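Student: Could you show me how to read a protein model, feature by feature? I'd like the general idea and then the real case.

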Amino acid sequence: GPLTVDSVTLRTNEAAEGAGLYASEAVGTVDTFVVVDNVASDRGGGLFVRDTALHGVGFEVARNDAPIGAGVYGSSTGSSSLGGVRIAENAAHDTGGGVLTLGGLTLVDAEVSDNTAQRGAGVYAEGAGTLVDLSGLVDGNAGVTFGGGLYANVGAHVDFTGDIVGNQAERGAGVYVNQAASVAFVATSIR
C-alpha cells in the first residue's frame, strides 16, 4: 500500500529480516528518511524490500549490519526500486554489504559507498532472471575476496550507468562477473 515518510529515522532496531524496515508491495515517497545502525540476524539490516518502490530526497541507509544484504536486501520475488538513496558504511559478514538482490531491483541516482563484505561489498546480484538497473556512484567499497564494487553472479544481469571508483577486493575490485552473469555499461567510468 501507499507509504509516505517525512523526517523519520529508524535507528538501532534488531530483527531476523528487515531490521530497519521490512517493506512488501509498498509504494511511496521519502523526504529525510534515515535508516541507520540496525542489525538483522539473517538479511536486510537496513531494508528488506519486496515489490516496493521508494523514491525521494534525504534518503540514507547507513551503518547497518547483517550476514547478507546489510544495507538493502532485495527479495527474489517481484521487482523493487529505490531512488535518490545513499547506501553507505554497511557491513555484511558474508555477501552484499551495501545491496544484495535476488530479484529485479532498480537503483536511480544512488550512491553506494564505503560498504564492506566478504563478496560483493557494494552491490551483489544473483540468479537467473535477476535484473539490476543501477545509475549513480559505486565508490570506496571493500570486498575481502570478490567484487569490491559490483558482483554479478549466476545468471544475473546488471545495467550500469555512472562511476565505479576506488573499490577494493582480491579479485574484481571494481566489477566481478561470474557463472553466466552479465553486465552492460553505459557512459561509465571504472577507475
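Tutor: Let's go through sheets, the core, aromatic pairs, salt bridges and a few single residues.

Tutor: This is a predicted model, so local features need pLDDT of at least 70 and side-chain atom pairs count only at pLDDT 80 or more, while totals for chains, interfaces and linings use all residues. Residues are numbered from 1 along each chain as its sequence is written, and side-chain values use heavy atoms, with hydrogens and water left out.

Student: Okay, sheets. In what order do the strands of the six-stranded open sheet come?

Tutor: Strands (E, at least two residues) and helices (H or I, at least four) are DSSP runs, numbered from the N terminus, and two strands pair if DSSP finds at least two bridges between them. In this sheet the order is β2-β5-β8-β11-β14-β17, with parallel pairing. β2 (14-17) and β17 (142-146) sit at the edges with a single partner strand each, so one side of each has no neighbour in the sheet. On average, neighbouring strands here are turned by 10° against each other, direction ignored. For such angles, axes are lines fitted to C-alpha atoms (for helices, over the stretch in contact), and angles run from 0 to 180 degrees between N-to-C directions.

Student: Which residue in β17 is the bridge partner of Thr-116?

Tutor: That's Ala-142. Strand β14 (residues 116-119) and β17 pair in the parallel sense over three bridges.

Student: And which strands stand at the edges of the seven-stranded sheet?

Tutor: The order in that open sheet is β3-β6-β9-β12-β15-β18-β20, and the pairing is parallel. Its edges are β3 (21-24) and β20 (175-177); each has a single partner strand, so one side of each is left without a neighbour in the sheet. Inside the sheet, β6 (residues 47-50) and β9 (residues 72-74) run parallel, joined by three bridges. Val-49 stands opposite Gly-74 in β9.

Student: What about the inside of the protein? Which residues have the most contacts within the largest nonpolar core?

Tutor: In soluble globular proteins, nonpolar side chains tend to be buried together. A nonpolar core is a set of buried Ala, Val, Leu, Ile, Met, Phe, Trp, Tyr and Cys residues joined through side-chain atoms within 4.5 Å. Buried means under 20% relative accessible area, exposed over 50%, and partly exposed in between (1.4 Å probe, protein chains only). The largest core here has 34 residues, and Leu-47, Phe-59 and Leu-107 have the most contacts inside it. Strand β13 gives the largest share, four residues. Phe-59 touches several residues beyond four places away in sequence, including Val-30, Phe-33 and Leu-82; contact means heavy atoms within 4.5 Å.

Student: How do I describe two aromatic rings together?

Tutor: A pair of aromatic rings is described by the distance of the centres and the angle of the planes. Rings of Phe, Tyr and Trp (its six-membered ring) pair if their centres lie within 6.5 Å; planes under 30 degrees apart are stacked, over 60 edge-to-face, and the rest tilted. The structure holds seven such pairs. In one of them, Tyr-124 and Tyr-151 are tilted, 4.9 Å centre to centre with 55° between the planes. This pair links distant parts of the chain, with Tyr-124 in β15 (residues 123-126) and Tyr-151 in β18 (residues 150-153), 27 residues apart. Both Tyr-124 and Tyr-151 are buried. Ring pairs also link Tyr-124, Phe-146, Tyr-151 and Tyr-176 into a cluster.

Student: How many salt bridges are there?

Tutor: Side chains of opposite charge can pair when their charged atoms come close. The cut-off is a side-chain nitrogen of Lys or Arg within 4 Å of a carboxyl oxygen of Asp or Glu. There are seven in this structure. Asp-37 and Arg-63 form one, with the closest N and O atoms 3.0 Å apart. Asp-37 lies in the loop between β4 (27-36) and β5 (39-43) and Arg-63 in the loop between β7 and β8, so the pair ties together parts 26 residues apart in sequence. Arg-11, Asp-37 and Arg-63 are linked in a network of salt bridges.

Student: Is Arg-63 buried, exposed or partly exposed?

Tutor: Arg-63 is partly exposed, with a relative accessible area of 40%. Its phi is near 55°, a positive value in a residue other than glycine.

Student: Where does Asp-109 lie?

Tutor: Asp-109 lies in strand β13 (residues 104-113). Its phi is near 50°, again positive in a residue other than glycine, and Asp-109 is exposed at 59% relative accessible area.
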